[in-house]
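Please work through the exercises below with the sequence and the structure at hand. Each exercise gives a task and then a solution in steps.

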Amino acid sequence: MVGKSEPINGTAKSQPPPSPLSPKSPDLLSGYFSFKSLKLKTKQQELLIRVSILCLVYVLAFVTRLFSVLRYESMIHEFDPYFNYRTTLFLTEKGFYEFWNWFDSESWYPLGRIIGGTLYPGLMVTAALLYWGLRFLRFAVHIREVCVLTAPFFASNTTILAYFFGKEIWDTGAGLVAAALIAICPGYISRSVAGSYDNEGVAIFALLLTFYLFVKAVNTGSLSWGLASAFGYFYMVSAWGGYVFIINLIPLYVLVLLITGRYSMRLYVAYNCMYILGMLLAMQIRFVGFQHVQSGEHMAAMGVFFLMQVFYLLDWLKHLLSDTKLFQAFLRMTVTSAVGVGAVALGVGTASGYISPWTGRFYSLLDPTYAKDHIPIIASVSEHQPTAWSSFMFDFQILLFLFPAGLYFCFKRLSDATIFIVMYGLTSMYFAGVMVRLILVATPAVCLISAIAVSATIKNLTLLLRAKTKAPQSASGKGGSSGKAASKGSLDQSQPFQKNGAIALLFGAFYLLSKYVTHCTWVTSEAYSSPSIVLAARGAHGNRVIFDDYREAYFWLRQNTPPDAKVMSWWDYGYQITAMGNRTVIVDNNTWNNTHIATVGRAMSSYEDEAYEIMRSLDVDYVLVVFGGVTGYSSDDINKFLWMVRIGGGVFPVIKEPDYLVNGEYRVDKGAAPKMLNCLMYKLSYYRFGELTTEYGRPPGYDRARGVEIGNKDIKLEYLEEAFTTSNWIVRIYKVKPPNNRW
Amino acid sequence: MARSSGDDAQALFHSLRSAYAATPKNLKIIDLYVAFAVFTALIQVVYMALVGSFPFNSFLSGVLSCIGTAVLAVCLRIQVNKENKEFKDLPPERAFADFVLCNLVLHLVIMNFLG
């Protein structure tokens, strides 16, 4: 028996009531692990196991995200990360002051963009700090390597944080399971693979950090934990626009606690410290500015702040007054006047326009049909579509049904911390159902709650297994929560059945968990590790064929065009053109100016002569289109064309979507609408394509992405000439001819 | 009805006053500090109403520094108050050190935000 349990100073926090592993039978443990020679006490064994599990999980989380680096090369993926990379490069080269005050004239020609004031600097500053740190230690790394590996590094840190959070909510077992689950969960991996250098990679870490520190502050009521959570919130605000979720969830949580009668001094201290300091710190980010006091999305936090003051005041007065009747009268007066004043202030603020209403991006979360009718740009992003059931299963697998089980356990042991995780889980699941991209935000909650279910179930099952000889007192004493058959009085006779049942269920649980691991690894390898700037396919003989056309085109632009050339393309490619081609673009992925994008859309959808006028007015020198007809690549501009029409038509009524459709159907073959067959996008995509045979047995001009033979094969360009087409025809660049000389 | 609520208010006032006189001295000092901070904030709001809110960040930083330090002082009062069971084993020096640290961060941020 562990007679003198000396405190091991490996764990910073004091141990909660000893877990069932430790006091029972050290000879059993040492029999399992044969540490007799090392003479380790049980507590030390447990610590060793925990630390080694966490180390393995840390390494696992990093390694499982490296598929694309191993298969292709260490490069930045997708579109948005190229902007982040370019700004990080600028930051490391020019320093923080230049970065903070940067006005970029190379994008959104001729408007330019105030980059310093319109980005979230958290990711760039983090990567730059890592880069400078490594350089200081004399590791000669290139900033691109640091950028590529930032997201996996922070994913590993998130697992450690999940461990501490799980420990705070439930116990160390749940923490360990949570760390393991979140290390490989595909919902998180999708946005944090190596090369996906995007805000979410750092933001999920910041989100979980803020929540953990806040729950810790509520549990301890200490000002220093509140201060730490304010700093966590500041980091989150600097990293991602999704901080709005935090600033609404925490007040909602406080409100729920107030309503369920759990008001306490600790809550007051924690929320107030975090709100005031967090709000002040958040306003230091220029992009956020004064939104915390002016925007409708942040008003809930302010309302709850005032409500807390009212609660505290009432509590204090109740304490001072001994006469309850007097207090009731006072209570009635105060509460009605406070609510009245608050409602009037909110009404006046909203009506006068001082408090701005919810912006489109967040309003479409509450009303999913809003964006399609009013803001086509938001509706056109594929990540903003509602989620299908298959996506949930794909990203969560067994966690989907462990989530309700975990909710059940949480409701059985309600405390401030479990109420928080339940609210986080439910709200984030609702939002994940509205928008695919937000599955990422739900992932930590789902992993934590499922970890509670797994940990509690396995703990109960193993308790059943261990309750052999001292049956009556131990099993009934320890199996407090819902063990499988612990409520039965006659334990002795059903003993063997219980044990066999428990063993079978344990095997079932481990089988499920191993299936989860297999699924996660498969999903990561197949679905989430493609760089999407380099495409891979299987050739006719089964060999792997790589299409590196994008980079080929951008580097052609970089090396063969004058340095002040301006390139017009659809906004998807803007960041990549600026980062890799180093040329000025007209519109890019920031999409802050809808009219400018609509102008480009109008140019793409007009006849060549009208489009030439628009291009001359914008000083365009080159036009870039993406075409997938030769390779069968389906994310090309012809497939995105209807969005160009809609966005252009939203601002310029001369562009009408029905002109491009035939009986409501979108076609590019002989039966297509005449305007479609002669618009600029069609001509630029299919120029000289009519002579090309793409597939054996098909006529020339067979479009493999649409599966039809194109309608207009004899295309003549009058105002543009072809400058460059990549080897697989994926990117096509055209030069805009200067106006003819007058006689 | 009006008279009884008037009587109520008076009785309320008296009992409040007598109960408040019984609070310990250190808590009364903190209360005085809170009142001073809130009063300063009110003066700033009145000034803003008169003069206009042009450098809005200056106005915000001024008001928020007053409100912030008031709120932190209230938190200190909660933690130091001997009658609060929840904070029984929190040494008052630790509470004061937390208070000082939070105020330090608050005023550093205010300095940055003043413009």
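The exercises that follow concern a predicted model.

**Exercise 1. The make-up of chain A**

Task: State how many helices and strands there are in chain A, and what share of its residues is buried.

Solution. Step 1: Chain A holds 32 helices and eleven strands. Step 2: Chain A has 743 residues, and buried residues make up 54% of them. Step 3: Among the contacts in chain A with a separation of 6 or more, 71% come from residues 24 or more positions apart.

**Exercise 2. The interface between chain B and chain A**

Task: Describe the contact between chain B and chain A by its residues, its buried area and its salt bridge count.

Solution. Step 1: On chain B, 37 residues are in contact with 36 residues of chain A. Step 2: The area buried between the two chains is about 3100 Å², and carbon and sulfur atoms give 79% of that area. Step 3: Between chain B and chain A the count is one salt bridge. Its partners are E86(B) and R266(A), whose closest N and O atoms are 3.7 Å apart. Step 5: On the side of chain B that touches chain A, the elements giving two or more residues are α1 (2-21), α3 (56-80) and α4 (92-114). Of these, α3(B) gives the most, with 13 residues. Step 6: Sorted by class, that side of chain B has 23 nonpolar, seven polar and seven charged residues.

**Exercise 3. Recorded spans in chain B**

Task: Find which residues of chain B UniProt lists as "transmembrane region", and give the helix content of residues 32-50 and of residues 96-114.

Solution. Step 1: The unreviewed UniProt entry lists residues 32-50, 56-76 and 96-114 of chain B under this heading. Step 2: In the model, residues 32-50 of chain B are 100% helix and 0% strand, with the end C-alpha atoms 27 Å apart. Step 3: Residues 96-114 of chain B are likewise 100% helix and 0% strand, and their end C-alpha atoms lie 26 Å apart. Step 4: N103(B) is placed in helix α4 of chain B. With a relative accessible area of 10%, N103(B) is buried, because buried means under 20%. Step 5: Leaving aside neighbours within four places in sequence, N103(B) is in contact with T69(B) and L72(B).

**Exercise 4. Backbone features in loops of chain A**

Task: Locate the cis peptide bond that involves P110(A), and decide whether W108(A) is buried or exposed.

Solution. Step 1: The cis peptide bond joins Y109(A) and P110(A), with omega at about 0°. Step 2: P110(A) lies in the loop between β1 (103-104) and β2 (113-114) of chain A. Step 3: W108(A) is found in the loop between β1 and β2 of chain A too. Although W108(A) is not a glycine, it has a positive phi of about 55°. Step 4: The relative accessibility of W108(A) is 0%, so W108(A) counts as buried. Step 5: T591(A), not a glycine either, has a positive phi of about 45°. Its place is the loop between β6 (584-585) and α28 (594-605) of chain A. At 23% relative accessibility, T591(A) counts as partly exposed.

Technical notes: Residues are numbered from 1 along each chain as its sequence is written. Chains are lettered from A and ligands numbered from 1 in the order in which they are written. This is a predicted model: local features need pLDDT of at least 70, side-chain atom pairs count only at pLDDT 80 or more; totals for chains, interfaces and linings use all residues. Side-chain values use heavy atoms; hydrogens and water are left out. Contact means heavy atoms within 4.5 Å. Buried area is the accessible area (1.4 Å probe) that two parts lose on being put together, summed over both. A salt bridge is a side-chain nitrogen of Lys or Arg within 4 Å of a carboxyl oxygen of Asp or Glu. Helices (H or I, at least four residues) and strands (E, at least two) are DSSP runs, numbered from the N terminus. Ala, Val, Leu, Ile, Met, Phe, Trp, Tyr, Cys and Pro count as nonpolar, Asp, Glu, Lys and Arg as charged, and the others, Gly among them, as polar. UniProt positions are given in the numbering used here, feature names are shortened, and annotations may be inferred rather than shown by experiment. Buried means under 20% relative accessible area, exposed over 50%, partly exposed in between (1.4 Å probe, protein chains only).
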